[in-house]
Amino acid sequence: MCAAILKRTLFALMSLTILLGVSSTASAQKTTVIRVVIVKTDNPAAYAQALEEGKAIMKKLNIPETTHVYQATYAGPNAGSVAVSIEYPSMVALAEAEAKLRADKDYVAWLKGLDKLRTIVSDSIYREL
């Protein structure tokens with residue numbers, strides 16, 4: 001009788017662990033993520049305009065993203081720096097987008113051209129809590 005109870009308890013714990021693992025994975029895949037790139041540029045307007053070409057490439061590749069461009073003010077030594085946020089619906093969407101973009105010759109050429117306009121200070125990924 002004790003062995004049967006132990007078996008049922010062990011089975012229940014294993015089932016709960018599997019259920020929680022699947023739930024956590026599904027939840028992580030649905031969590032919004034934002035890639036934030038901070039850059040220094042001598043010409044923020046030209047840089048913002050160049051980003052429009054990148055957005056067009058992403059649209060052409062059917063990449064689900066929302067991009068925003070901000071310039072820092074009241075930021076001490078970082079005043080004038082530019083922050084670009086690219087929002088994706090999930091970490092999976094970000095990874096799929098990166099794979100598509102790295103394989104696209106137009107994107108690779110566009111990205112290389114940005115080196116003339118900016119210096120990357122930081123490149124981070126944030127996930128929604």
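Predicted model: local features only at pLDDT ≥ 70, side-chain atom pairs only at ≥ 80, totals over all residues.

Reply: Residues are numbered from 1 along each chain as its sequence is written, and side-chain values use heavy atoms, with hydrogens and water left out.

Me: How are α3 and α4 oriented to each other?

Reply: Helices here are DSSP runs (H or I, at least four residues), numbered from the N terminus. The axes, lines fitted to C-alpha atoms over the stretch in contact, with angles from 0 to 180 degrees between N-to-C directions, come within 5 Å for α3 (residues 91-103) and α4 (residues 105-114) and cross at roughly 85 degrees. Angles of 65 to 115 degrees count as roughly perpendicular, and α3 and α4 are therefore roughly perpendicular.

Me: Which residues of α4 are buried?

Reply: Buried means under 20% relative accessible area and exposed over 50%, with a 1.4 Å probe and protein chains only. K105, A109 and K112 are exposed, on the face of α4 turned away from its buried side. The buried residues of α4 are Y107, W110 and L114.

Me: Against which helices do the buried residues of α4 pack?

Reply: Contact means heavy atoms within 4.5 Å. The buried residues of α4 pack against α2 and α3.

Key. Helix = DSSP H or I, 4+ residues; strand = E, 2+ residues; numbered from the N terminus. Parallel < 35°, antiparallel > 145°, perpendicular 65-115°, else oblique.
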